[in-house]
Amino acid sequence: MLDDAIVAIGSANDCDILVEKFSQSESLSFADFARVWKASHFELIFCGRSSEELPLLASELLAIAKAIILNVNKEFASRVGGLYLMYGLYFTQKAKSKIRLTLSEFKEFMKFTCELKEQNNMDAEFIFQKLFIAKAFLFCACSTPNKYIQMNKKCQSEEDVGNAMDENECRLIGCEGLSSNSLRNVDLLHSKYEELKPQIAGFVTTSSSAAPSKNFPSEIQAILDAFKSDIAKIKNNGTKQGKPTSVAEEVNQGVIRRRIVNSSFQSQSRSRRMPVDVTSMDSARKSSKSKRDH
Amino acid sequence: MDETYPVEAYPNASQEFNFQNYFRKYSRLLKETWYINQGVLERLNSDEEKIASQLGIEMREYHRLEERCSIALLQCDPLEMETKAGQLADPERRATRKLATAVELKALKACNHKYESKLRELRRTAIPQFEQEMNPSPVFKLLDNHVVIARVFRPFESNLGSNIVPHMQDFMLLGSQNLVDFRDKIICLNDEIMVTEDSNPRTLSTGRPIKDLLNASMFFIGNTFYSDFRDYTNIDYGDLIEKWAKDNPEKNLGPFEKKKMEYTTIADLKIRLGYPYVFVHLGSCEHLITFVDARLMVPDDLQNVDEYPLAVEADTNLLMYCGVCDVHDTSYYVDDEQLPTKPMNLCEQCLKTFYKKNDLLPPSTDDVFYKRLPQKKPFEVNVLEDMEDED
């Protein structure tokens with residue numbers, strides 16, 4: 001589900017937190033849900049978006065709520081929270097997106113509504129009927145049609161929303177406290193500390209479990225180096241972190257050329273509308289510069 | 001077709017559907033469960049009565065539930081906005097403090113170029129809104145027909161897997177319609193090429209568009225050729241390809257089936273959503289087609305079946321971005337040996353940055369030729385933007 005989200009970044013996290021808070025309340029009433037919703041300022045979820053994004057955002061949020069309801073591993077209270085969330089999102093959205101149900105999802109949803117009847121939760125039953133009579137449901141063959149419109153995109157590294165966070169991670173790694181100089185200083189200080197420790201009167205030789213390991217500065221350096229090389233690999237290969245590439249992916253000349261260009265221009269994203277010939281661009285710039293200088 | 005283009009290469013492609021069977025099964029299940037009281041609901045006028053009937057409660061109980069589960073309980077009290085001398089009054093700041101969504105959105109918006117690219121991509125590729133009923137029927141009824149949404153791409157020879165192929169049209173097709181109805185609505189600029197009896201260019205204006213002379217076309221879906229045999233002069237493209245496949249057994253293609261387009265409905269096809277199929281006309285003009293969605297019809301959809309298929313053309317205005325910055329719309333056509341490609345489209349800012357010397361833009365010459373492009377029509381204002389403004 002998270003992988004299918006194009007616009008609703010971070011929303012699955014927000015929805016999970018909201019529903020977990022609701023499930024801890026005493027009753028499964030809508031009033032309790034409304035209290036948690038307002039405390040979380042969830043009415044602001046559509047805030048700050050351009051009008052092009054709103055229909056797709058609403059659609060993805062409704063899909064997230066549906067996934068919570070259909071998740072049989074979650075507690076019943078969380079699933080009821082998912083239904084209330086779906087109701088809230090549907091009637092507060094600024095678009096006209098609907099809730100999509102495939103045949104298999106419909107069968108699971110039916111089981112859920114039967115369980116609602118058995119539990120005699122009038123609020124939840126009322127809310128479900130409100131959605132049903134308002135024709136909020138679309139009975140379809142696929143849950144997320146928007147993933148099919150990206151069929152042309154094999155390499156998504158530049159356009160991928162997730163990469164915005166990669167840059168933030170790089171900034172964290174590159175910050176002053178974690179630079180190699182600082183870690184070297186920490187290592188020096190730590191080794192001096194280890195030397196001085198035994199000289200203290202009454203020093204206990206066995207270290208406690210809460211104490212850091214003796215080589216912790218070099219361990220931190222090793223972790224940071226591994227992290228940096230992983231991020232560099234991601235940017236070079238154009239694959240999502242943690243996701244295996246498709247085995248059957250065609251490696252053709254155009255794709256190899258694209259990878260070389262991407263690795264040369266890592267900090268800037270390029271348009272794919274026209275193929276970029278790096279060598280001619282460079283020579284053109286150099287010759288124009290030399291002409292202008294003359 | 002699966003042997004040549006393995007499904008694994010399209011990880012987003014769905015399972016194979018025969019929509020007639022799928023939606024027949026779905027409708028039957030709906031009528032036995034959620035729509036079991038359809039007869040009763042059809043006779044009731046208001047939504048309140050329908051909900052009360054479904055729950056088996058009186059209207060008094062209904063109103064009590066309505067008050068307990070009102071959407072107004074989720075909406076922010078305007079007085080709450082004015083807290084702590086307006087510190088948290090700004091909704092975006094409040095959202096950023098509370099919601100991961102807002103924090104991640106802020107991170108994305110911090111890189112303006114990426115956010116603009118994303119919006120541009122959405123504008124270009126999102127499934128459009130098709131024409132809907134002005135006054136949808138309030139009668140609560142499950143409709144039997146289903147609709148399929150297809151996307152037809154521009155013709156191209158080879159893109160080497162790097163450039164995105166733009167699409168030209170999106171269609172909403174009825175399951176009960178024939179493939180010929182779909183074929184007739186596909187528009188291709190190559191159809192308008194004028195041809196004459198002789199090759200004299202002066203008589204070109206009196207010629208006829210090539211589509212009047214070459215009517216043959218076919219869809220290749222699954223391992224089946226669906227050819228257009230409405231005109232007796234149409235050749236069978238499937239025949240030619242099958243012959244070529246037999247002459248080249250090392251390619252391991254076929255065997256193929258052949259059917260007539262005019263006798264095949266959308267509901268008869270076996271389709272994977274998100275998987276590319278092909279439409280061929282004019283001998284060698286090939287268009288990729290994907291089916292992106294299929295669902296049961298709803299009262300909001302246009303109910304007059306004669307209007308289908310509904311077509312929405314892709315907005316070509318969106319494709320012209322500056323070749324240097326890729327952010328602004330192009331204003332100038334530039335022909336210069338020193339630029340990476342010849343010719344190139346530049347925006348005003350990039351043109352001035354590249355050519356302006358001592359605050360003066362040199363005139364266009366034969367060596368460095370530039371011309372201002374005609375003004376484009378302004379974007380139509382989105383109705384949703386108006387709704388936001390009103391809020």
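Biologist: How many helices and strands does chain A have?
Modeller: This is a predicted model. From the N terminus on, the elements of chain A run α-α-α-α-β-α-α-β-α-α-α-α-α. That gives 11 helices and two strands.

Biologist: What share of the residues in chain A is buried?
Modeller: Buried means under 20% relative accessible area. Chain A has 294 residues, and the buried share is 45%.

Biologist: Are H5(A) and H6(A) perpendicular or oblique to each other?
Modeller: Helix H5 (residues 103-119) and helix H6 (residues 122-133) of chain A pack with their axes 9 Å apart. Their angle is about 140 degrees. Roughly antiparallel starts over 145, and roughly perpendicular covers 65 to 115. The pair is therefore oblique.

Biologist: Is the crossing of H5(A) and H6(A) left-handed or right-handed, and which residues in H6(A) meet H5(A)?
Modeller: The crossing is left-handed. From H5(A) come A:Phe109, A:Thr113, A:Leu116 and A:Lys117. The residues of this contact divide into four nonpolar, one polar and two charged. On the H6(A) side stand A:Ala124, A:Glu125 and A:Phe128.

Biologist: Is A:His41 buried or exposed, and which residues does A:His41 touch?
Modeller: A:His41 lies in the loop between helix H2 (30-39) and helix H3 (54-70) of chain A. Its relative accessibility is 18%, so A:His41 counts as buried. Leaving out residues up to four places away in sequence, A:His41 touches B:Arg94, B:Lys98 and B:Leu99.

Biologist: Why does B:Asp301 count as buried, and which residues does B:Asp301 touch?
Modeller: B:Asp301 sits in the loop between strand E11 (285-296) and strand E12 (310-313) of chain B. Its relative accessibility is 3%, so B:Asp301 counts as buried. Beyond four places away in sequence, B:Asp301 touches B:Glu133, B:Met172, B:Arg295 and B:Tyr308.

Biologist: How many residues of strand E2 of chain B are buried?
Modeller: B:His146, B:Val148, B:Ala150 and B:Val152 point one way from E2(B). B:Val147, B:Ile149, B:Arg151 and B:Phe153 point the other way. Both sets are buried. Strand E2 (residues 146-153) is therefore largely enclosed by the rest of the structure, and its buried count is eight of eight.

Biologist: Which residue in E3(B) stands opposite B:Val147?
Modeller: E2(B) has seven bridges to E11(B), running antiparallel. There, B:Val152 stands opposite B:Ile289. E2(B) also pairs in the antiparallel sense with strand E3 (residues 167-174) of chain B, over seven bridges. In that pairing, B:Val147 faces B:Leu174.

Biologist: Which strands stand at the edges of the open sheet of three strands in chain B?
Modeller: The order is E14-E13-E15, with antiparallel pairing. Strand E14 (344-346) and strand E15 (368-372) each have a single partner strand, so one side of each is left without a neighbour in the sheet. The twist averages 25 degrees from one strand to the next. The edge strands are E14 and E15.

Biologist: Which residue is the bridge partner of B:Tyr332 in E14(B)?
Modeller: Strand E13 (residues 332-336) of chain B runs antiparallel to E14(B), joined by three bridges. The partner of B:Tyr332 is B:Leu346.

Biologist: Which helix of chain B packs on this sheet?
Modeller: The helix touches E13, E14 and E15 of chain B. Its direction makes about 35 degrees with that of E13(B). It spans residues 348-355 and is helix H12.

Conventions:
Residues are numbered from 1 along each chain as its sequence is written. Chains are lettered from A and ligands numbered from 1 in the order in which they are written. This is a predicted model: local features need pLDDT of at least 70, side-chain atom pairs count only at pLDDT 80 or more; totals for chains, interfaces and linings use all residues. Side-chain values use heavy atoms; hydrogens and water are left out. Two strands pair if DSSP finds at least two bridges between them. Helices (H or I, at least four residues) and strands (E, at least two) are DSSP runs, numbered from the N terminus. Axes are lines fitted to C-alpha atoms, for helices over the stretch in contact, and angles run from 0 to 180 degrees between N-to-C directions. Contact means heavy atoms within 4.5 Å. Buried means under 20% relative accessible area, exposed over 50%, partly exposed in between (1.4 Å probe, protein chains only). Angles under 35 degrees count as roughly parallel, over 145 as roughly antiparallel, 65 to 115 as roughly perpendicular and the rest as oblique. A crossing is left-handed if the near helix is turned anticlockwise from the far one by less than a right angle, and right-handed if clockwise. Ala, Val, Leu, Ile, Met, Phe, Trp, Tyr, Cys and Pro count as nonpolar, Asp, Glu, Lys and Arg as charged, and the others, Gly among them, as polar.
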